[in-house]
Amino acid sequence: MCVCPGPRRIGIPVRSSSPPLFSDAMPAPTQLFFPLIRNCELSRLYGTACYCHHRHLCCPSSYVPQSHLRYAPHPAYATFCRPKENWWQYTQGRRYVSTPQKFHLTPPQVNSILKANEYSFKVPEFDGKNVSSVLGFDSNQLPANAPIEDRRSAATCLQTRGMLLGVFDGHAGCACSQAVSERLFYYIAVSLLPHETLLEIENAVESGRALLPILQWHKHPNDYFSKEASKLYFNSLRTYWQELIDLNTGESDDIDVKEALINAFKRLDNDISLEAQVGDPNSFLNYLVLRVAFSGATACVAHVDGVNLHVANTGDSRAMLGVQEEDGSWSAVTLSNDHNAQNESELERLKLEHPKNEAKSVVKQDRLLGLLMPFRAFGDVKFKWSIDLQKRVIESGPDQLNDNEYTKFIPPNYYTPPYLTAEPEVIYHRLRPQDKFLILATDGLWETMHRQDVVRIVGEYLTGMHHQQPIAVGGYKVTLGQMHGLLTERRAKMSSVFEDQNAATHLIRHAVGNNEFGTVDHERLSKMLSLPEELARMYRDDITIIVVQFNSHVVGAYQNQEQ
Amino acid sequence: MFYRLLSVVQRQRTSRGWQNWSSARSSASAAEAHSVALPAQAQVVICGGGIMGTSVAYHLSKLGWKDIVLLEQGRLAAGSTRFCAGIISTARHLSIEQKMADYSNRLYQQLEQETGIQTGVQIYDRTSVVHVMTKKGEVTGVETDKGQIECQYFVNCAGQWAYELGLSNEEPISIPLHACEHFYLLTRPLETPLQSNTPNIVDADGRIYIRNWQGGILSGGFEKTPKPIFTEGKNQLEIHNLQEDWDHFEPLLSSLLRRMPDLETLEIVKLVNCPETFTPDMRCIMGESPLVKGYYVLAGMNSAGLSFGGGAGRYLAEWMVDGYPSENVWELDLKRFGALQSSRTFLRHRVMEVMPLLYDLKVPRWDFQTGRQLRTSPLYDRLDAQGARWMEKHGFERPKYFVPPGKDLLALEQSKTFYKPDWFDIVESEVKCCKEAVCVIDMSSFTKFEITSTGDQALETLQYLFSNDLDVPVGHIVHTGMLNEGGGYENDCSIARLNKRSFFMISPTDQQVHCWAWLKKHMRLDSDLILEDVTWKYTALNLIGPRAVDVLSELSYAPITPDHFPSLFCKEMSVGYANGIRVMSMTHTGEPGFMLYIPIEYALHVYNEVMSVGQKYGIRNAGYYALRSLRIEKFFAFWGQDLNTLTTPLECGRESRVKLDKGVDFIGREALLQQRQNGVYKRLAMFVLDDHDTDLDLWPWWGEPIYRNGLYAGKTTSSAYSYTLERHVCLGFVHHFSENTGEEQVVTADFVNRGEYEIDIAGQRFQAKARLYPVASLYTHKRRKEDVELSDLHGK
């Protein structure tokens, strides 16, 4: 929610490696942190324009060092915000603060941190018959940014069948991810509604009757909705369905889910952009819509209806299917493509969408225009609007926006906007009985763990350790000592399973606490979780995970019906 | 060893498969078809070719029974018997188990010489019993998958399948046992292979056993978290392909390597999974079914099948041939259980508690934690709210004592002690209240039968079954033994004559099945005698103490003075609003007071009235520990603890309860007449410990050796601290073993009185005074004036 300007001056390759803090004990030499600390403090210094909406909810202090590492600013930009003070002064001060401390948390403390945001939902069984192919889901998130920039959403469609689940990774603040987490599912649900239902809703609005409910949300108490913007958001949504009603050709009501998802994504991003351009007479709302538009968010959304699973992805969050093979082992099936520099076809797309002479500048240092890591996102109008439009909006905007160096900064080599789109890539998968669960997670998870490990850990967790491959000596030469070592290790693994009632929590425990042997190391977990707020982001990203469990019996029954 | 037992028994080879396998011990030929026809009839059919079945067959043939068929569903000795770790341990918990194990040990050593003797047992493997056929409560034959066999006797030695086989009967027979997976490890030989004389090691703290196996080691154990198996009764022919579970074995492996770190380098051969069968009380199950005559059971060995095999088989064979075994086996009798212990959930939960207990310290007065609150009195919640701590007998919850508000007892784990327990003071105050004021004890668990007839059959039958004279005026209560042919106690009960043709009989809680079976067995089938189990119909409150009479008279407006209501009388009267309460002037402790038998719907009312009226007399709740202390100090022997099927009334000073000349014959009379003439060979006595420090010395519990003039003379059967005598009191039998031959000799009162006694508690001997009759002063307790305190005026 806070957009605190002051992007990182030095591009730190966050994704590939963390500083070797944990190779040693916690009281590491302070020098090691120099660049980091300086950055944090710089942002603190220059981030004077920290404007907070819902401060009580998400901003514990007025000065929150923001470190949206998704931006690796241009070298020219670095000079532009060089501090005037002698930075030595600064590091001296910092040194005092970061005096080597032992951050030791007890297991209950660790658990209370890990479980603070966990949420579980079980699809209720009606008359003992569970007609849903979804058993339920577990979700959780662990902040690294303060406040967290990730968001998550889950809802059941009430006027159509199916369930929607999504994770949203914000950057340059949490305004955009918050808005998308509140609004996107309505856009999708509306896109899926048949013509008659849309008419009925519109007529109800028109005549002041009670509306049909569209979504049943499944929210953690910490997942909030903006009250102030609710009316604005509703009006935009209503405009959308009115257009859908007008566009209806009356031919067929066969709604294509894939198309609906794409339309919903694009429409919402369009509305975000429009709302920022039009502005709002209410200054608070005016400022809000601008912050939403100038920050960004990726989205990875799954729509499950019976055996039909659609994953719509924009950005670099990921959807992973957990498949149990006949021998009980687990394999991972990726149901989304990352939209970043590691994706050849995305590089290709960007090059095709812009003139040849931009081929070298459109992606630099694996970032869009050398700045942005995800190649698709909501918001981020800095990568979408023309320079003119950006300047106009900023100038006519509130002072806070005008004073913000970041928003004023125009990306380099900015010739043929838009460079960024919110259009999702939709992958369809027909569920099979062996598809046991789906993991939706932001890149905070995927950059620390291999997908195969992720699926195995969740699979073993969900099925319990009984289904873990039993050890058999069978012909091998094994000594009692070797066996003992192996068993002790397995037991350690098992005990971490029993600590968690939530698959997402269990996964986070592994993501943060895994040692080189793939087992949770309490020492490491304790250190990672006790990092001071301003350092946490250096060692990990926000992690948001949703684990959806499928009902194999229902899925199997669907299959049999059709055979 | 086992194969020797087999070869002694086996005469008729039923198949080439068996032949090959027995010589080569390979399973290669196991799948061959068997076409040998079963005989049409036999005297005995034994189901189960493990060590139990073969041992029973062996002993039956030794006792002269020749017409025996043994059926095995798989191959002979293919179950637990084959896969067990092969340890024969003779250090057992119960003395009857000790005797069985000792006998087994001797038997196994001599078996080798017997090999080749013709016995007459026919063995058929690959034959499974479908169900047992019965008619009029008697075994008539066996239905197998290969045809029927007519027989008089059936022996269920089906091990972990015994429960299912019992249930398959038309009238299901409850054999409460349940299997748990059991793991042990085999390794390759050590660098210097272990010698065959390497001792077996049990590390009870580490929960493991270790023995030599082909120069390497065999090590298993009894883990804290057992894995029950076959709860749903999933059957399978043989158990050789159960999965190894290394993760489950990890704690045991850890403790093995902790104890013997050098074993680390040993190479694993495999982990064997061999389910073992456990029972709800960790004792094996043997004896005749209470429901079907001729249906015998021997199963549930709690992982000690090899140790017990010989002895258990022998006792069961004796039981079948002679009608009773040569030792008292009540602790192992199938009839200690009823259908109430037959729930699969109960068994599953209970055996998970029993199995770890094998290597736990077995402290006195241990109560199981699982399978509780099954049978409860209607007052359970009321008593529980007042601090009751509970024990369980035959599924029934009984209060042990009441923890006063604000008093903290030690945690369960810490109160496990052989020394003075933490409830000492609590029980003391309850006892004191019984002696000086009045206490109420809920004794609803006692077994209660009503015997009624249209004519004189009830009296005639009871006169034949009981040793005391029951032809007493209506309203009288008679203490009497229910004796067997040998004059031993099958049951010890109190019988009230309700009217001319109706009797009310009270027996110990765990007699519910046994006594019922005994009565049924000896009642004439054609008589119009009605026997009814009314245990569940009445809540029993024991009102103990000198003020009980005040409480009762206030509640009934009836004269309760000894003139109107002498001791050992039974009257129906009203108590509070409730009418038809059966009031008996006895307390099972020798203290003054009353037993109230209350129809259950009145229980709460009567209890409330008693408590509220009793307040001014200082009434309080008390539990069984207080009762126990009171009854033992007065030399009240209890059946099941002090008395058993091998003790006669003459041996425990109860001549007065036997009316040899009542004019009617009764079971056991002949034996008692003979005993009266010849004298007794043991005598129950009460021992008061002299130099025992209650606070510092280990307490006697039961089973402590008694020394007379320095010579072993018997064992204690029960003991308690007497708060009145301020001494420990033990009950126990004095024998007279000849110094030269060890032979038992006649014990006279003189012999008992002239001895100097010591009780040996865990190796330390304490001087004790033996008494053949209770201490008289206990019955005349008048409080001395100078002992009265102000606090005695306080309400309790």
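This is a predicted model: local features need pLDDT of at least 70, side-chain atom pairs count only at pLDDT 80 or more; totals for chains, interfaces and linings use all residues.
**Entry on B:Arg398**

I then asked which side chains make polar contacts with the side chain of B:Arg398. One is the side chain of B:Ser445, at 3.4 Å, and another is that of B:Thr509, at 3.2 Å. Leaving aside residues up to four places away in sequence, I listed what B:Arg398 touches, including B:Trp390, B:Phe446 and B:Tyr624.

**Entry on salt bridges**

I found 50 salt bridges over all chains and followed some of them. In chain A, the side chains of A:Glu206 and A:Arg238 meet with N to O at 2.7 Å; because A:Glu206 lies in helix H7 and A:Arg238 in helix H8, this pair ties together parts that are 32 residues apart in sequence. I wrote down that A:Glu206 is exposed at 57% relative accessibility, whereas A:Arg238 is buried at 18%.

A salt bridge of 3.7 Å, N to O, joins A:Lys266 and A:Glu423, and it links helix H9 of chain A with the loop between helix H14 and strand S13, the two residues being 157 residues apart. Here A:Lys266 is partly exposed at 42%, and A:Glu423 is partly exposed at 31%. I also recorded a network of salt bridges that links A:Glu346, A:Arg349, A:Glu353 and A:Arg376.

**Entry on aromatic rings**

My search of the whole structure gave 38 aromatic pairs over all chains. In one of them, B:Trp330 and B:Trp639 stand edge-to-face, with 5.0 Å from centre to centre and 65 degrees between the planes. B:Trp330 sits in the loop between helices H8 and H9 of chain B and B:Trp639 in the loop between helices H16 and H17, so the pair ties together parts 309 residues apart in sequence.

**Entry on a sheet in chain B**

I traced an open sheet of six strands with mixed pairing, in the order S28-S29-S30-S27-S21-S31. Strands S28 and S31 are the edge strands, each pairing on one side only. Strands S29 and S30 pair in the antiparallel sense over three bridges, and B:Arg582 has B:Tyr597 in S30 as its bridge partner.

Terms used:
Residues are numbered from 1 along each chain as its sequence is written. Chains are lettered from A and ligands numbered from 1 in the order in which they are written. Side-chain values use heavy atoms; hydrogens and water are left out. A polar contact is a pair of N or O atoms within 3.5 Å; within protein, one must be able to donate a hydrogen and the other to accept it, and residues adjacent in sequence count only if both atoms are side-chain atoms. Contact means heavy atoms within 4.5 Å. Two strands pair if DSSP finds at least two bridges between them. Helices (H or I, at least four residues) and strands (E, at least two) are DSSP runs, numbered from the N terminus. Rings of Phe, Tyr and Trp (its six-membered ring) pair if their centres lie within 6.5 Å; planes under 30 degrees apart count as stacked, over 60 as edge-to-face and the rest as tilted. A salt bridge is a side-chain nitrogen of Lys or Arg within 4 Å of a carboxyl oxygen of Asp or Glu. Buried means under 20% relative accessible area, exposed over 50%, partly exposed in between (1.4 Å probe, protein chains only).
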